[in-house]
Every structure is written in structure tokens, then in C-alpha cells.
Amino acid sequence: MSDIIEDIEIRLLLEALYQRFHYDFRDYAQASIRRRLRQARDQMGFANFSALQEHLLHDDDMLPRLLGYLTVQVSEMFRDPSFFRTIREKVVPHLRTYPSLKLWVAGCSAGEELYSYVILFREEGLEDRTLFYATDISEEALAAASRGIYSLDRIRTFTENHRASGGKSSLSDYYTSAYGNAVFDKSLRDRVVFSDHSLVTDAVFGEMQLVSCRNVMIYFNRDLQDRAIGLFSDSLMRNGFLALGSKENLRFSRHADAFADFVREEKIYQRREQ
Ligand SMILES: C[S@@+](CC[C@H](N)C(=O)[O-])C[C@H]1O[C@@H](n2cnc3c(N)ncnc32)[C@H](O)[C@@H]1O
């Protein structure tokens, strides 16, 4: 089939997804959306995107299946340990000066990044004065995040990352093993608010000291990245910190002037006083 027809069908499918369910993927980076949709079409056995769209509109089971293809859930605890070491060594000393703290993990996936922060904050004695907001558009990911259960196969990587990030205890202090899984202590969630929130369609959260949005904006086009960074800028207090993923930066953003580099190599920025 020609690329032109495929392009039309993809645009219509994304429009249908938005009009019917308010999930807005219309401005995600094209190449990756196209790749994911082709995968969905082929694996679900549809001849073309029009057939997939028909099912999306008429079959209740289709939405979560399609979202599973469209959202990338790759994550790890203490992913990029040098990043978390920098948070611990350079950002935490600033955070200590506040009597109460708010941290927003935007695009939290199944919770790996969130638990990394909660554990780090507990180890640094900041957990009790912090409210953690963990948001994502994927209901499945949010449900997994609020369960805090990970396969034991993944724990070796998590443990090595935690140690390399300057962890002050053993990761095994925070979970119990059961049936091939690591079940993270529910006290780690005492101060967490989980919420469905889209960086594309939803509004700001107020007065955060730290916003962490790592490896989410790589899937957005330039306009969407600008929208998300505008949200972060409006959600941060003056001198608050913004943390991005290793392949992301603020360089080309319309909002770049609102931030100063804090630790450039780790993509940690600080909102300027304005
Ligand atoms: C690759 S994961 C990143 C997970 C974690 N932040 C990390 O760095 O390990 C990307 C996450 O972004 C979420 N996401 C995609 N579009 C989003 C949007 N518009 N608003 C909020 N989250 C979104 C996906 O559901 C997925 O959980």
C-alpha cells in the first residue's frame, strides 16, 4: 500500500482515538508512532489501519490493547545511576533547605523512577516532608506503579544501579520476595499520589520543588515538547529543579530562557528567578 494512503489512515486513526477517547497522540514524533502502529496492526492481524480503526470505535477491548502499543513502558530503578548520584549529592542539599517538598514524576510508567526517588529521599531523611506526585496516561502503568511489584529477574539491575547511585542501604531492605517477584514495601507509597495526567492535554500542578520527566518527551514532536516544558515551568517554584532524560534537553525549547543549567551532563535544570 502506498505511504500516502497509510499516512491518511494513520491521521484518521489518531483523530478517532482523540475524538472518541481523548488520548492525543496526534503530535507525537511521527516515525516512532508509525512504527508502533504498524506493529499493532500486524500483531493484531488487521489488513490496514482503517480496519483497526473500525474495531477501535466499536470494540471496547481495543483501546487498552492499542495503548499498550502506543506507550513505551521501558524503565528501570535508578536508571542512569550517575543521574541519581547527582540528585543525591547536588540537588538534595538544596531541597534540605525547604520545610516541605513536592516532587512530580511525570510519565512515571510502572513506578521504577518513582520508587527510586522515594528510596533516595528516605535515605536522605527527606521522605517525611515530601509529597510525591506520580502521573502517567497509561492506566495499566499507574496500576502497576501502585502495586510496586517487579519480577525478581529485574532486581539485580535495580540493585546494581542503586549501589552505583550512592545508595546508603541495601535495596533488599525495601522489598520482600514472593513467587518470583519483589514486592516493594507499601510504606514507600504512604506519601505518593498517583494520578492520570497527560502532558499533552492536561493542566499544571502547582509549586513543585522538583519535576522529573525522563524519557517521555523523546516521543513528542517539537510543539508538544514546548507544551510540556511550559507546564513544567509553570509548575515549578522559583529555583525549582527540572530533570530530563539523557537524550533530552531544553536547548531548542521556547522556554529555555526560563531555566539555567544546573548539572548540564545530567540534564538537570533550575528554574530562574523571574
Ligand atoms: C519510556 S517510559 C519512561 C519511564 C520513566 N520516566 C523512566 O525514565 O524510566 C515513557 C512513559 O511516558 C508515558 N507517556 C506517554 N505519553 C504521555 C503523556 N502525554 N503524558 C504523560 N505520560 C505520557 C508512557 O505511558 C510511559 O509510561
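The ligand is surrounded by 21 residues, each with a heavy atom within 4 Å of it. The closest are Tyr-28, Ser-75, Arg-79, Glu-113 and Asp-136. This is a predicted model, where local features need pLDDT of at least 70, side-chain atom pairs count only at pLDDT 80 or more, and totals for chains, interfaces and linings use all residues. Residues are numbered from 1 along each chain as its sequence is written, and side-chain values use heavy atoms, without hydrogens and water.

| Residue | Polar atom in residue | Ligand atom | Distance |
|---|---|---|---|
| Gln-73 | side chain | oxygen | 2.8 Å |
| Ser-75 | side chain | oxygen | 2.5 Å |
| Arg-214 | backbone | nitrogen | 2.9 Å |

Next, the sheet. An open sheet holds 7 strands in the order S6-S2-S1-S7-S8-S10-S9, with mixed pairing. Strands are DSSP runs of E, at least two residues, numbered from the N terminus; two of them pair if DSSP finds at least two bridges between them. S6 (192-196) and S9 (259-263) are the edge strands; each has a single partner, so one side of each is left without a neighbour in the sheet. From one strand to the next, the twist averages 20°, taken between N-to-C directions of lines fitted to C-alpha atoms, on a scale from 0 to 180 degrees. S2 (residues 130-136) runs parallel to S6, joined by 5 bridges. Thr-135 stands opposite Ser-195 in S6.

Last, the lining of the largest cavity. Its residues include His-22, Tyr-28, Ile-137 and Ser-198; lining residues have an atom within 4 Å of a point on a 1 Å grid, where a 1.4 Å probe fits but cannot get out.

Definitions and conventions. 1 Å grid on protein atoms, 1.4 Å probe; cavity = no way out; pocket = protein on both sides within 12 Å on 5 of 7 lines; lining within 4 Å. Helix = DSSP H or I, 4+ residues; strand = E, 2+ residues; numbered from the N terminus. Polar contact = N/O pair within 3.5 Å; in protein donor to acceptor, adjacent residues only side chain to side chain.
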